[in-house]
Amino acid sequence: MTDFVATYPNAKDPTSPLDIRPVAGRIGAEIRGIDLSGSLDAPTVQAIEEALVRHKVIFFRDQQHLDNAEHEALAALFGDPVAHPTVPVAEGSKYLLDLDSREGYAASSWHTDVTFTDAYPKLSILRGITIPEAGGDTLWANGETAYDELPEPLRQLVNTLRAVHTNDYDYAAFLTAGVDGKDDAALAEREKYQKQVFASTIYETEHPVVRVHPVSGQRSLLLGHFAKRFVGLNAADSARLFGVLQDHITRPENTVRWQWRPGDVAFWDNRATQHRAVADFGLQRRTLRRATVKGDVPVGIDGQRSRTVRKERAAYEAAE
């Protein structure tokens, strides 16, 4: 078993009491036989947390019994639930973010949630409500195996780098990533909404490019589409290097793809992964709700913590 686990990074821990079925070779596992709720006992919560750190994203099928209140109570078992810093919560909830996508729009660009803040969430819990008949899958990528497999010269470079993350970026490019045939007027309206709501307060935060996981001690690459530039590099050099590193993170061998069904729940370790939706569902409706749990401030290999460098109301909002 030891040799097998060493050569198969997503293998189940043989000591876990959970029924765990790995989904892909490096990331992702389905857990069976558990009805999620806010009343799970402490040993089960601990076992789920351990599985999450190991597998990075874990899936539970057929959890249709969960409503908003129970979803929030479930999240509270794993830490302090927090609302999104700029987007209003779903109606009738305290913390949940409503991800209601029509006409193919979705978070279809690789990212780690809310890295434009310093203590971004440690984990997210996403619940499928209305799922397209076909399309609308979600992919996750493993930042730890991406770091481990970097060529040594690149690893030495990223060990010293820091990057500025922000929610002030090119929304049009983000909204059309992987989406064809969009109506220009609808896109302009959606872009305006993104700027006025998602970027109502503009954040810029400097993070280490290599984060040390606070539980496992593993190193992972911390990037995604909120990363704007590398400290000490100009925009052109930052863009080239970003592309090289992102390609390492999101290569197919480093990812898992989940085909949603109504009632599915996905937990992911937001400290060691990136994810993106696949915007291939046309005019079908896709509705999910997400709870997030408060995280800690990342620490780099050198022991230096992340720091917020800018937080202010958007200029257009102040003018209005």
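## The contact between D137 and R257

The side chains of D137 and R257 are joined by a polar contact of 2.9 Å, a term that stands for a pair of N or O atoms within 3.5 Å, where within protein one atom must be able to donate a hydrogen and the other to accept it, and where residues adjacent in sequence count only if both atoms are side-chain atoms. This is a predicted model, in which local features need pLDDT of at least 70 and side-chain atom pairs count only at pLDDT 80 or more, while totals for chains, interfaces and linings use all residues. Residues are numbered from 1 along each chain as its sequence is written, and side-chain values use heavy atoms, with hydrogens and water left out.

D137 lies in the loop between β6 and β7 (138-142); helices (H or I, at least four residues) and strands (E, at least two) are DSSP runs, numbered from the N terminus. D137 counts as buried because its relative accessible area is 9%, where buried means under 20% relative accessible area, exposed over 50%, and partly exposed in between, with a 1.4 Å probe and protein chains only. Contact here means heavy atoms within 4.5 Å, and D137 touches R257, W258, Q259, W260, R276, A277, V278 and R286 when residues up to four places away in sequence are not counted.

## W258 and its surroundings

W258, one of the residues touched by D137, has its place in strand β13 (residues 255-258), and it is buried because its relative accessibility is 4%. Its side chain makes a polar contact of 3.2 Å with the side chain of D264. Leaving aside neighbours within four places in sequence, W258 is in contact with V23, E30, F59, R61, D137, T138, W140 and D264; of these, V23 is 235 residues away in sequence, with a C-alpha to C-alpha distance of 8.9 Å from W258.

## Chain totals

The chain has nine helices and 17 strands, and 53% of its 320 residues are buried. Among the contacts in the chain with a separation of 6 or more, 82% are between residues 24 or more positions apart.

## Helix α2 and the residue after it

The 14 residues of helix α2 (residues 42-55) should span 20 Å at 1.5 Å a residue, and the end C-alpha atoms are 20 Å apart, which agrees; the expected span is 1.5 Å times one less than the number of residues. Within α2, T44, V45, A47, I48, A51, L52, V53 and H55 are buried, and the buried residues of this helix pack against β1 (19-22), β2 (29-32), β3 (57-60), β6 (123-130) and β14 (265-269).

Just after α2 comes K56, with a positive phi of about 75°, in a residue other than glycine. K56 has its place in the loop between α2 and β3 and counts as buried because its relative accessibility is 5%. D62, in the loop between β3 and α3 (68-76), also has a positive phi, near 55°, in a residue other than glycine, but D62 is partly exposed, with a relative accessible area of 42%.

## Two further loop residues

N270 lies in the loop between β14 and β15 (273-277) and is buried, with a relative accessible area of 1%. Its side chain reaches the backbone oxygen of D113 at 3.0 Å, and, not counting residues up to four places away in sequence, N270 touches T112, D113, Y120, P121, K122, L123 and H275. N270 and T115 are 155 residues apart in sequence and 9.5 Å apart in space, C-alpha to C-alpha.

S37 is found in the loop between β2 and α2 and is buried, with a relative accessible area of 14%. The side chains of S37 and S39 make a polar contact of 3.0 Å, and S37 touches L66, E70, L74 and L77, with residues up to four places away in sequence not counted.

## The second largest pocket

The second largest pocket has a volume of about 230 Å³ and is lined by 17 residues, of which V82, A83, T117, A119 and P121 lie nearest its centre. A pocket is, on a 1 Å grid over the protein atoms alone, an open set of points where a 1.4 Å probe fits, with protein on both sides within 12 Å along at least five of seven lines, and lining residues have an atom within 4 Å of a point. The lining divides into 10 nonpolar, four polar and three charged residues, and strand β16 (residues 286-293) gives the largest share of it, three residues.

Note on methods. Grid points are joined across faces, edges and corners, and a volume is the space filled by probe spheres set on the points. Ala, Val, Leu, Ile, Met, Phe, Trp, Tyr, Cys and Pro count as nonpolar, Asp, Glu, Lys and Arg as charged, and the others, Gly among them, as polar.
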